[in-house]
Amino acid sequence: MRYLPLTNDDRQSMLATIGAESVDELFVDVPKEAQLTGPIHDLPMHAGEMAVEAQMKALAKKNQAAGDVPFFLGAGAYRHHVPASVDHIIQRGEFLTAYTPYQPEIAQGTLQTLFEFQTQVARLFGVDVANASMYDGSTACWEAIVMARRITKRGKAVLSSGLHPHYVSVAKTMARFTKDQLIYSAPVLDAAGDSADLLDQIDDDTSCVVVQYPDILGRIADLSQIAEKAHQHKALLVAVVTEPVALGAIKSPGEMGADIVVGEGQSLGVGLQFGGPYVGLFGCKQKYVRQMPGRLCGETVDAEGKRGFVLTLSTREQHIRREKATSNICTNSGLCALAFTAHMTLLGEKGLRELALLNHKKAIVAADRLSKIPGLKILNDNFFNEFTLVLDDDSRPIVRKLADQGILAGVSLGRIYPEESSLAHGLVVAVTETVSDADIEALASALEGELA
């Protein structure tokens, strides 16, 4: 059986209707030199299903799976244990096939889940209100910058050197179109962080200060002073959280005065998955809610007085006049948000705190063991589950050699800051609950061998 939706008669009828002689005439606007005239070079012709499956499995085996080797990668994407019940819940037909809940009378399950998601994010971040998710952490960070611009009517954002370089890259790309001025410099391998420098850069032209918490090197800053100085100049503090599990152990950004808190929710409920799809988190103070991008689910009652859920606030161009929209974000990461909510619900507040404590304890064990190795030092004075090693030499060749031995040692700063030679010796190591004592010893022994 051929799985083709149209017969030749169907095609001829359609071509006749639009006045074309052949399918090729539909591509007259494509230059001849760009048109394919034969098979694609090095690509085999069609094959049977079993042959294709065998070929794809062979290719997949070349990948090194996170769960198969000692795994210490982090820097914005983390390997945590996701309970099997999470996958079961998100694959239920009511959720997996659900579309955007424009008709609340038939989407109560989806709307209630998003309502619970918002509640969890708001409580986690220590803010008044959260939206129903964004695409990912980096775009949520940029949306916070332009939201601050709308609120303050200013166009200068001060970015912490500890902000993830990929987030900075997204902001720089988008600022080309909005003409926002971004003040940023790459980090230095210093345990103190850049809080003092940020305080000096805040002035009456500043729209917001953007600080990652914990930052790209794993350092944890006290945001209170930065918030106070920002507010003195009528600027906003934007906090970025790439590891939400950390907030089970450390004070929330909202408690320290952050006006907008954004982040990446991948750590809870969502696997690494080669980089996506992920889920952006976005929360703020109540007084700024109408400037928040995306959409907000709210609780109401129906005509019979029964509890129900609806889209309460939708400030995006898909819902309202384009010139009135706060954002062109036209969807949310609904399924990943559901996974986040399912995982958070299974953990509960007590479970999240226990998970956070377990992460921190394992990271301390790893840091203590690694600090005894000649040829490296631990940069951090404080950390949650991630810290930075400073080696005597460029860390990239070391990471490559350890990967060849079946140990994914961490993220080399030389890789994510290729133009900053001063950072080449840095290696960011993440230690979650999935790391065993044997994994830590394997990493330490391999580093001792390579640095000897």
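The largest cavity is lined by Tyr78, Gln212, Pro214, Asp215, Gly218, Thr242, Glu243, Phe384, Asn385 and Glu386. A cavity here is a set of points, on a 1 Å grid over the protein atoms alone, where a 1.4 Å probe fits but cannot get out, and lining residues have an atom within 4 Å of a point. This is a predicted model, in which local features need pLDDT of at least 70 and side-chain atom pairs count only at pLDDT 80 or more, while totals for chains, interfaces and linings use all residues. Residues are numbered from 1 along each chain as its sequence is written, and side-chain values use heavy atoms, with hydrogens and water left out.

**The cavity**

- A search of the whole structure turns up one cavity of 30 Å³ or more.
- The space in the largest cavity comes to about 50 Å³, where a volume is the space filled by probe spheres set on the grid points, and points are joined across faces, edges and corners.
- Three nonpolar, four polar and three charged residues make up the lining of the largest cavity.
- In this sorting, Ala, Val, Leu, Ile, Met, Phe, Trp, Tyr, Cys and Pro count as nonpolar, Asp, Glu, Lys and Arg as charged, and the others, Gly among them, as polar.

**The chain as a whole**

- You will find 13 helices and 13 strands in the chain; helices (H or I, at least four residues) and strands (E, at least two) are DSSP runs, numbered from the N terminus.
- The chain is as compact as a globular protein of its length, because its radius of gyration of 25 Å is close to the 22 Å that the globule rule gives for 452 residues.
- That radius is taken over C-alpha atoms, and the globule rule is 2.2 Å times the number of residues to the power 0.38.
- The C-alpha trace spans about 75 × 60 × 45 Å along its principal axes.
- Of the 452 residues, 48% count as buried, where buried means under 20% relative accessible area, exposed over 50%, and partly exposed in between (1.4 Å probe, protein chains only).
- Among contacts (heavy atoms within 4.5 Å) between residues at least 6 apart in sequence, 71% join residues at least 24 apart.

**The largest pocket**

- A pocket is an open set of grid points with protein on both sides within 12 Å along at least five of seven lines.
- The largest pocket has a volume of about 1,100 Å³.
- Its lining holds 36 residues, and Leu73, Gly74, Ala77, Val411 and Arg415 lie nearest the centre.
- At least two lining residues come from each of helix 6 (137-152), helix 7 (165-178), helix 11 (395-404), strand 12 (411-412) and helix 12 (413-416).
- Helix 11 supplies the largest share of this lining, with four residues.
- By class, the lining of the largest pocket has 18 nonpolar, 13 polar and five charged residues.

**The second largest pocket**

- The second largest pocket contains about 420 Å³ of space.
- Of the 16 residues that line this pocket, Arg123, Leu124, Met344, Glu349 and Leu352 lie nearest its centre.
- Helix 5 (108-125) and helix 10 (334-370) are the elements that give two or more residues to this lining.
- Helix 10 gives the most, with six residues.
- The lining of the second largest pocket divides into five nonpolar, six polar and five charged residues.

**Aromatic pairs**

- The count comes to three aromatic pairs: rings of Phe, Tyr and Trp (its six-membered ring) pair if their centres lie within 6.5 Å, and planes under 30 degrees apart count as stacked, over 60 as edge-to-face and the rest as tilted.
- One of them is the edge-to-face pair of phenylalanine 117 and phenylalanine 340, at 5.4 Å centre to centre with 75 degrees between the planes.
- This pair links distant parts of the chain, with phenylalanine 117 in helix 5 and phenylalanine 340 in helix 10, 223 residues apart.
- Phenylalanine 117 counts as buried at 1% relative accessibility, and phenylalanine 340 is buried at 0%.
- Phenylalanine 383 and phenylalanine 387 form a tilted pair, 5.2 Å centre to centre and 55 degrees between the planes.
- Phenylalanine 383 counts as buried at 15% relative accessibility, and phenylalanine 387 is buried at 0%.

**Two residues to look up**

- Histidine 343 sits in helix 10 and counts as buried at 3% relative accessibility.
- Leaving aside residues up to four places away in sequence, histidine 343 touches His81, Val82, Pro83, Val86, Leu268 and Gly269.
- Serine 224 belongs to helix 9 (residues 224-232) and is partly exposed, with a relative accessible area of 33%.
- Serine 224 and tyrosine 417 are 193 residues apart in sequence and 29 Å apart in space, C-alpha to C-alpha.
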